[in-house]
Amino acid sequence: MINGKRIVAICTSRVYEPSIHGYIIDLNERLKKENCALLVFAINSDIYWEEDRQATEKYIFDLIPYRDLDCCIIMDEKIKSHKIAEKVLARSKAYHIPVIVADGRYDGASCINFDYEAGFEAVVRHIIEFHGIKRPHMVAGQPDNEFSNRRIDIFKKVLAENGLPFEPDMLSYGYFWAEPCRKNMNKILKRKTLPPAFICANDIMAITVTEMLQEAGYKVPQDILVSGFDGYDEIYFTSPKITTASCDILLLAEATAKAVLQSLEGKTVENMLITPQFVANESCGCPMHMEHPQVLLNRFNESFYRNNDDNRVLHQITSDMQTSHSLEEMVSYLESYKTENMLCVVDRNCFDADNNYFLRSDIAELEKDFVVIYDADHPEKYKPGTLSLPPTAEGHTEDVFSLPFRSRMIELLDESYPLIFNALDFMNVPIGYVCYYFRDYAINNYSNTINSTSSVSTGIGGFVNLQYQRTLLDKMDEMYRRDSLTGLYNRIGFHNIFKKLRQKKENLDQPVTVIMSDLDGLKYINDHFGHAEGDNAIATVASALRKACPETALSARFGGDELFSVIIGECDSDQIIHRIDQYLSDYNDHSGLAYDVQTSSGVVTDVLNDRFDISHALKIADDEMYKIKSNKNYLRGTH
């Protein structure tokens, strides 16, 4: 409970489908009267029961805020994953949260189901008993699937009660989906004699069977009868319209709301069964039945015409986000009429350009550090020049009510409309989530979620990948331009940078000073202490040179122990050489080495104009340096 509101979470899929959309509306309207707020955790595709595939959008179910929940609803038939349902059930049990399973059966939960057996039996009896079909063919779902097996048993039972034998060729499998059903029908159409009727285990297969029969030259229902089951809206737009048994989603919503409220009152909730409504229609030869024809037609038309424009706008948003050069620029492209009522939350770790977020070996174990990067109600916070990622907050949790944005979520709860959550993922890695806070029930808003979520996911993921690639290129370029031992520019790097500096107008006719420093006694150090110590001495002189010169100086090592800096503008070269010597003196006093690191420095000053020759200047500085070096001793204690 939050601020007196009881929090109810629902796990489902495809909120853009008219049936789920209607379920959410009816459920929310019933619950809000009892001071409840509804959180909708949704995936945009089916997981398909025990299929073991990567479906990272299911990450959204890991973000349920169990600490704040009063009740949890699982729409089992819509998610189609026992693993997800069992995981949610286990976590809910750990927090003593009652669970209502809508359209599924699990121990430890109150279950509300359609009486599929009774509904499917009504369809089978209608074909066999009303239409007098003696040898129908059943297109079942998946072999050994619970729902499919129960419908097969009903089919055999009705045959037996009517004195009709069941034979193996009266049964085939369409796997509850169009494409496998088409493959199945291709085999059946090769038979010499086709059955007089096809009884399909769901409407999708019934529509597919009808289409394939018509393509093969058969008339439905004149030559062959067809029936389905489920009551999908699509059956009212086929020709002929399909006979079915409709599982009224609004009755399911009513029963779910009743069960939720009973559980919130601490009452024991009994399992419930809802009988599907039999709908005779044209595909079996009965008169046409049309369910709200104009409303459905308008809904499909609106969805079709909006889709083209939506895709164009979302494609542009995605492209702009991916090719952005900064986080601020990327986020600025989220402001669009397609992202109204959206709050976008992302793991801040993905913006670490030094690591490839999507290829991290520990990504599965990495706890996400969520941060809001966009809120459509407050776009002014996310414009270039204003966006900054806040530091990690104490009490941070990996759920949708995490402390950094908890107050904002609570604010949205007060508006009495459902909050809809989709996971953001890229390259099979979850990166965060979006929260849609629509302030109406318009189905076009719900329909927009699938494409908006996909576009934002791809936009952020592409941006993160490109930023990492740019960082890699910068590092490679830096390695190419830098001397690996000293970190100073190498010959190529120096000439590239110096060329750019001398072309700047503000540097024209400015003084230019070249300071050449050469390590004293490198051969002696290498011969007596090893080349590793020689390298250490060279690196130490490089550090002295870099620290003694102004930050704007261009320091380089062309090879060996000869190091130099080029300084554009006024400078005190004597003071710089003094700082070099002082740095090395301090180093020698504390190094504990058996030798001193010393250097000799030569200086030349000129004017940076068209006549200035850097190679000539380096030679003069080198000559000056050797004059100074000639009388030096480099072993400690031999002065």
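Predicted model: local features only at pLDDT ≥ 70, side-chain atom pairs only at ≥ 80, totals over all residues.

Visitor: What describes two packed helices?

Guide: The angle between their axes and the distance between the axes. Here, the axes of α4 (residues 116-130) and α5 (residues 146-161) cross at roughly 40° and come within 9 Å. That makes α4 oblique to α5 (under 35 degrees is roughly parallel, over 145 roughly antiparallel, 65 to 115 roughly perpendicular, and the rest oblique).

Visitor: Which residues of α4 and α5 make the contact?

Guide: Contact means heavy atoms within 4.5 Å. Among them are Phe-120, Val-124 and Ile-128 of α4, with Ile-154, Phe-155 and Val-158 of α5. By class, this contact of α4 with α5 has nine nonpolar (Ala, Val, Leu, Ile, Met, Phe, Trp, Tyr, Cys and Pro), no polar and eight charged residues (Asp, Glu, Lys and Arg); the others, Gly among them, count as polar.

Visitor: At what angle do α15 and α16 cross?

Guide: Helix α15 (residues 531-548) and helix α16 (residues 573-591) cross at roughly 135°, and their axes come within 8 Å. That makes α15 oblique to α16. Residues of α15 including Thr-540, Val-541 and Ala-544 meet residues of α16 including Ile-576, Ile-580 and Tyr-583. By class, the contact of α15 with α16 has nine nonpolar, three polar and two charged residues.

Technical notes: Residues numbered from 1 in each chain as written. Heavy atoms only, no water. Axes fitted to C-alpha atoms, helices over the stretch in contact; angles between N-to-C directions. Helix = DSSP H or I, 4+ residues; strand = E, 2+ residues; numbered from the N terminus.
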